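I set aside some time today to go through this structure and jot down what I looked up. Here are my notes, in the order I made them.

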Amino acid sequence: MSGSVTFFIASVSLLLGSAAGFVMHRYDFCIAGMFRNVFMFRQWFMLRILLLLIVVSMGLFEGARLVGLLSLYPYPLLGSASLATIVGAFLFGIGMVLSGGCVVGTLYKMGAGSVLSLLAFAGLLFGSAAYAEFHPLWKTFATQTTLSPGVITLPELVGISPSIFVSVAIVLFLIFCIRFHPLSAWTRTVVVDGYLQPWKAAIVLAFIGLLSYVLVGMPLGITTAYAKLGAGLESLFFSQHVAELSYFQALPLDYVPPFFEIAIRGGAGPQWDAVALVQYPLIAGIVLGSTLSARMLDEFKLRLNAPRRQVVSVVLGGVVMGLACRMAPGCNVWHLLGGLPILSLQAIFYLFGLVPGAWAGSFILQRFVLK
Amino acid sequence: MNTKSVELIEFDIRGQICPSTLLTTLREINRHKKALKSGGAQLAVVTDNRDSTTTIPDSVRHMGYEVTVAKEHDYYRILIG
């Protein structure tokens with residue numbers, strides 16, 4: 001990879017990750033909590049904010065596509081929808097609730113000093129790397145249950161312009177807001193310093209996603225890097241075994257980034273490549289941005305005051321989530337904030353699996369962990 | 001002269017998994033409902049979870065209790081009742 005591509009993509013990813021981590025900490029933008037709170041407390045407020053984020057991203061992505069700002073549409077690494085996506089997302093939903101945060105939530109909470117999230121992070125690395133052991137089997141299952149091979153988005157499937165779908169979604173969302181939720185229902189009474197109103201956080205995150213899409217060629221995504229990091233650690237002890245696994249040899253990311261003319265490639269193997277270039281700085285940025293926010297508010301403190309039951313839940317949840325984000329493949333941020341706005345079929349399938357998974361996770365958490 | 005003593009029931013939920021803070025608070029409110037309603041007790045929840053500083057007051061006010069949130073060092077104290 002040339003130096004200019006490396007510098008540009010790494011810098012953009014680091015900056016966008018830092019901004020996202022900062023914003024997520026200010027509002028406590030926990031996507032796992034958005035689904036979990038519906039099932040455990042019948043609280044819909046946070047899920048409404050997620051809906052706002054998805055609809056704003058839809059408008060921004062489609063606008064950018066229409067004016068020619070998106071050189072890649074659909075973006076790289078998005079696959080066809082299959083039953084494997086639903087099963088993976090179901091397990092992901094369980095894992096994210098048990099570990100107290102999804103893949104990205106774990107990062108910003110860890111950045112703010114949560115030791116439990118650090119343990120979840122370790123579980124995520126283990127689970128992501130462990131997936132490689134049964135990848136060939138799972139890939140066969142995914143291939144055999146694919147809905148429409150080669151078809152990525154709903155507009156492609158039905159042969160209608162994405163603009164029509166996006167326009168209808170925006171109109172329906174506006175009707176929903178006007179009919180059921182006045183402006184006052186979108187704000188919270190602020191009692192802490194530095195609190196960012198959730199609707200503002202949603203809009204900022206939508207713009208961060210757009211910038212990533214325009215500048216890097218795809219919206220925010222980090223889960224392949226978890227497998228890569230896990231593979232790197234595993235190869236310290238079992239280098240021969242890691243080198244033999246087909247999952248770590250594959251290079252699914254193969255694209256020409258915007259503003260450049262050379263292709264970059266990467267995969268989940270431990271080597272330095274395009275996945276490391278795009279996703280490692282993003283991970284580091286989210287952690288650093290959150291740490292900066294927490295320190296500015298004098299809230300950073302490493303703490304572990306949890307009962308053993310919670311510690312076990314967080315580690316196991318992290319492992320399940322790590323496995324699941326490879327099985328789906330992808331996570332909440334990749335599918336809900338990137339895929340759904342362009343009506344990716346895989347993202348729609350992911351949502352079908354995630355919701356019952358979050359319900360099952362909430363049930364287990366309430367029944368066995370927080371009893 | 002009548003002096004009424006108020007019992008302070010405190011829970012330290014710092015460093016725990018989400019949504020332990022909200023769940024524990026709701027459970028303890030139910031457990032001490034009578035004392036909290038009569039003014040015989042106050043519930044103090046010590047937390048480092050930012051989200052709880054909005055979700056707890058929202059939920060608890062709907063149940064008819066007074067709530068205050070104060071920052072102390074690097075955590076928050078939520079006083080109910």
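**A pair along one helix**

I began with A:Phe349 and A:Phe352, which are three residues apart in helix 16 (residues 345-369) of chain A, so about one helical turn separates them. An α-helix has 3.6 residues a turn, so residues three or four places apart point the same way.

Before going on, I note that this is a predicted model, where local features need pLDDT of at least 70 and side-chain atom pairs count only at pLDDT 80 or more, while totals for chains, interfaces and linings use all residues. Residues are numbered from 1 along each chain as its sequence is written, chains are lettered from A and ligands numbered from 1 in the order in which they are written, and side-chain values use heavy atoms, with hydrogens and water left out.

Are A:Phe349 and A:Phe352 buried or exposed? A:Phe349 counts as buried at 16% relative accessibility, whereas A:Phe352 is exposed at 54%. The cut-offs are under 20% relative accessible area for buried, over 50% for exposed and partly exposed in between, with a 1.4 Å probe and protein chains only.

**Aromatic pairs**

I searched the whole structure and found 20 aromatic pairs over all chains. In one of them, the rings of A:Tyr75 and A:Trp334 have centres 5.0 Å apart and planes at 85 degrees, so I log the pair as edge-to-face. Rings of Phe, Tyr and Trp (its six-membered ring) pair if their centres lie within 6.5 Å; planes under 30 degrees apart are stacked, over 60 edge-to-face, and the rest tilted.

What does this pair tie together? A:Tyr75 is in the loop between helix 3 (45-66) and helix 4 (83-98) of chain A, and A:Trp334 is in helix 15 (residues 332-339) of chain A, so the pair links parts that are 259 residues apart in sequence. I found both A:Tyr75 and A:Trp334 buried. The pair of A:Phe349 and A:Phe352 is tilted, at 6.4 Å centre to centre and 40 degrees between the planes. I also noted one aromatic cluster formed by A:Phe61, A:Tyr75, A:Tyr213 and A:Trp334.

Helix 3 of chain A is mostly covered, with 16 of its 22 residues buried. After this helix comes A:Gly68, with a positive phi near 85 degrees.

Which residues touch the most other members of the largest nonpolar core? Among its 120 residues, they are A:Phe29, A:Ile31, A:Phe92, A:Met96 and B:Ile80. Helix 3 of chain A gives the largest share of this core, 12 residues. A nonpolar core here is a set of buried Ala, Val, Leu, Ile, Met, Phe, Trp, Tyr and Cys residues joined through side-chain atoms within 4.5 Å.

**Chain B**

I placed B:Glu28 in helix 1 (residues 20-31) of chain B, and this residue is buried, with a relative accessible area of 7%.

Where the chains meet, 28 residues of chain B are in contact (heavy atoms within 4.5 Å) with 38 residues of chain A. B:Ile17, B:Arg50 and B:Asp74 supply 29% of the area that chain B buries against chain A, more than any other three residues. Buried area is the accessible area (1.4 Å probe) that two parts lose on being put together, summed over both.

Technical notes:
Helix = DSSP H or I, 4+ residues; strand = E, 2+ residues; numbered from the N terminus.
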